[in-house]
2 protein chains.
Amino acid sequence: VRLRDLGEFGLIERIARAARRAGSGPAVRIGIGDDAALLRLGAREDLVVSTDARVEGVHFRFDWQSPRDAGHWALASALSDLAAMGARPLGALLALATPPSLDVAVFDALLRGALSLGARCGCPLVGGNVARAPVLSLTFTVLGAVARGRALRRDTARAGDRLFVTGRLGETALALRRAEAGGRIRHRPVPRLAAGRALVGLPGVGACIDISDGLLADLGHLEEASRVAFELDRARLPRAPGFEARCARVGARPDHLLAAGGEDYELLFTLRRRGPGEGALSRRLGVRVTEIGRAVPRQPGAGASRARGFRHF
Amino acid sequence: VRLRDLGEFGLIERIARAARRAGSGPAVRIGIGDDAALLRLGAREDLVVSTDARVEGVHFRFDWQSPRDAGHWALASALSDLAAMGARPLGALLALATPPSLDVAVFDALLRGALSLGARCGCPLVGGNVARAPVLSLTFTVLGAVARGRALRRDTARAGDRLFVTGRLGETALALRRAEAGGRIRHRPVPRLAAGRALVGLPGVGACIDISDGLLADLGHLEEASRVAFELDRARLPRAPGFEARCARVGARPDHLLAAGGEDYELLFTLRRRGPGEGALSRRLGVRVTEIGRAVPRQPGAGASRARGFRHF
């Protein structure tokens, strides 16, 4: 069965039913089915919104990844931006562009992957759009809320800040290398929403960004926005046990994957000089946190220490 | 010059500069440049959000329409959903998917078309995403605000309501017919935002929808959501002077274009039986309003009086 057999309104009804089964959320006043979705924020909250597109053949391939995992990644990638701002999710919209020949079972799996992650993160699907297109793409817009004036930002690091990262780096890049060598990607990153929310209101928090372009590239974004430079302790970059051995099996350089591999979806953030250390922070954020460097004043005339992550053009 | 010559971050910077020139809005706390945009609603407002994708070759063609007009339409189509809910715009996000070979001048014109309309409607560009794709598409997500509990909806028409439509119908459908016959589309619909906001809080307002799929199809959506049927006075469907003659020149049936032509972006709404007539309503909404029918009880077992508009599959 193909999407064209459902018809446009049949497809929308199928999405609406699956979204209802996955559950709604406390913020949702009107979900799928009207001209727009209606959401209610708390009285002293700001709205946080981000959009992220995933295109078949560019961001995902079904010979590398199951449709269910591709759906998970599409929403995870968008939700990671909410995590980076310290927001709690309110809901998501899906703009689906697809060839009418797409297999309904493949589509159902894509949707299930996204809806399962949404249910786990408190982010119901509240609306969207379906359009015919020659290539499959999923564009998720995610909406979140954060206490007024408390959102985490990129432009608030200061010289002297300590630099931290959540979790472990390089797993996505390594999975991609294995896929290029004929393997499958089974790694499913989970956006660090709880850690981001814990950072909001932490005394002495500086700047924050999520790692999507790769550690060095995203560090460059922090440098640009905050007008500082960073000294990075590369030996401290967190990796899973056996990471080097797994890199060796596909002929990849571990230091390269750790520093330049994209789509880790970990949080990269700074804290003022005095404050909790790795242990206390890890407990507070609910995830292992590693101190990997510090912010220093930018030399006049010197560029930032950018390095290349994934570029679209 | 092609988009690939700018590079991904060069393209993003180009969009950010153009968006800054077009102006920001009172709701915007953080615009383009962080992980997500940050907006502030009023204390007693709900958030309204909708997303709409336009794909080259499906929704627009540069041999039919200038890039500037195509950009205008892409945002207009999304803003029309805010109008249908009675919301005031806060801002928009653009997920751009494009071949790297796209001419920068074409892209600039697309963007200018959207940004001009956004400036006119108080809807600044606050964020987005750029991705490489084999086909050009623009997905606008629009954010708006409406007084709590006062949003216009599809499911609030009642038997006995009078049915109204703003503006004139069939112009888009006629422009498409002319384009198919070798002409160009110069028609630029403007979303009925002011009319939608005026309807919010109008005593006796019933249901509202914008006409995107075509009058009959969207009337069908109102019927489904509100569980009523509509009697339509087809002779009263509003058309521009000379509409029939222009239809005759391209061999189109005027009644068909008026009733089934899509993308009029007019508002279709109901009012309780007693209340203002066409003249008073037109003054209040700032646009000509025509009474075109009424809602009646649905016959048990009878389907709605649906007719076909544009279908994607």
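1. Ala145(A) is buried, at a relative accessible area of 2%. Buried stands for under 20% relative accessible area, exposed for over 50%, and partly exposed for what lies in between (1.4 Å probe, protein chains only). Ala145(A) belongs to strand β6 of chain A, residues 137–147. Helices (H or I, at least four residues) and strands (E, at least two) are DSSP runs, numbered from the N terminus. With neighbours up to four places away in sequence left aside, the contacts of Ala145(A) are Leu41(A), Glu45(A), Asp46(A), Ala87(A), Arg88(A) and Leu90(A); contact means heavy atoms within 4.5 Å. Arg40(A) lies 105 residues from Ala145(A) along the chain, with 9.7 Å between the two C-alpha atoms.

2. On the source: this is a predicted model, in which local features need pLDDT of at least 70 and side-chain atom pairs count only at pLDDT 80 or more, while totals for chains, interfaces and linings use all residues. Residues are numbered from 1 along each chain as its sequence is written, chains are lettered from A and ligands numbered from 1 in the order in which they are written, and side-chain values use heavy atoms, with hydrogens and water left out.

3. The overall dimensions of chain A come next. A compact globule of 313 residues would have a radius of gyration near 20 Å, and chain A agrees with 20 Å. That radius is taken over C-alpha atoms, and the globule rule is 2.2 Å times the number of residues to the power 0.38. The C-alpha trace of chain A spans about 60 × 50 × 35 Å along its principal axes. Chain A contains ten helices and eleven strands. Of its 313 residues, 59% are buried. Among contacts between residues at least 6 apart in sequence, 86% join residues at least 24 apart.

4. Surface and charge. Chain A has an accessible surface of about 12,000 Å², and carbon and sulfur atoms account for 47% of this surface. Areas come from the Shrake-Rupley method with a 1.4 Å probe; for residues, only the protein chains shown count as cover. Chain A carries 48 positive and 32 negative charges, and their mean positions are 4 Å apart. Lys and Arg count as positive and Asp and Glu as negative, without His and the chain ends; a charge is placed at NZ of Lys, CZ of Arg, CG of Asp or CD of Glu.

5. How are the two copies related? Chain A superposes on chain B by a rotation of 180 degrees with 0.0 Å of shift along its axis (RMSD 0.0 Å). This is the relation of a two-fold axis. In chain A, Ala43(A) has the C-alpha nearest the axis, at 2.8 Å. Both copies use the same surface, with 100% of the contact residues of chain A recurring in chain B. The superposition is by least squares on the C-alpha atoms of residues with pLDDT of at least 70 in both copies.

6. Helix α5 of chain A covers residues 171–180, and its buried residues are Glu171(A), Thr172(A), Ala173(A), Leu174(A), Ala175(A) and Ala179(A). Their cover includes α3 (67–85), α8 (243–249) and α9 of chain A. Just after α5(A), Gly182(A) has a positive phi of about 105 degrees.

7. Leu285(A) sits in helix α10 of chain A, residues 278–285. Leu285(A) is buried, with a relative accessible area of 4%. Apart from residues up to four places away in sequence, Leu285(A) touches Thr166(A), Ala194(A), Ala195(A), Ala198(A), Leu199(A) and Phe269(A). Leu215(A) is 70 residues from Leu285(A) along the chain, and their C-alpha atoms are separated by 20 Å.

8. Arg294(A), in strand β11 (residues 289–296) of chain A, is partly exposed at a relative accessible area of 42%. Not counting residues up to four places away in sequence, Arg294(A) touches Asp161(A), Arg162(A), Leu163(A), Ala229(A), Phe230(A) and Glu231(A). Ala207(A) is 87 residues from Arg294(A) in sequence and 12 Å away, C-alpha to C-alpha.

9. Two residues other than glycine deserve a check of the backbone. Glu263(A) has a positive phi near 60 degrees; it lies in the loop between α9 (254–260) and β10 (267–271) of chain A and is buried, with a relative accessible area of 18%. Arg227(B) has a positive phi of about 55 degrees. Arg227(B) is in the loop between α7 (215–226) and β9 (229–232) of chain B, and is exposed at a relative accessible area of 55%.
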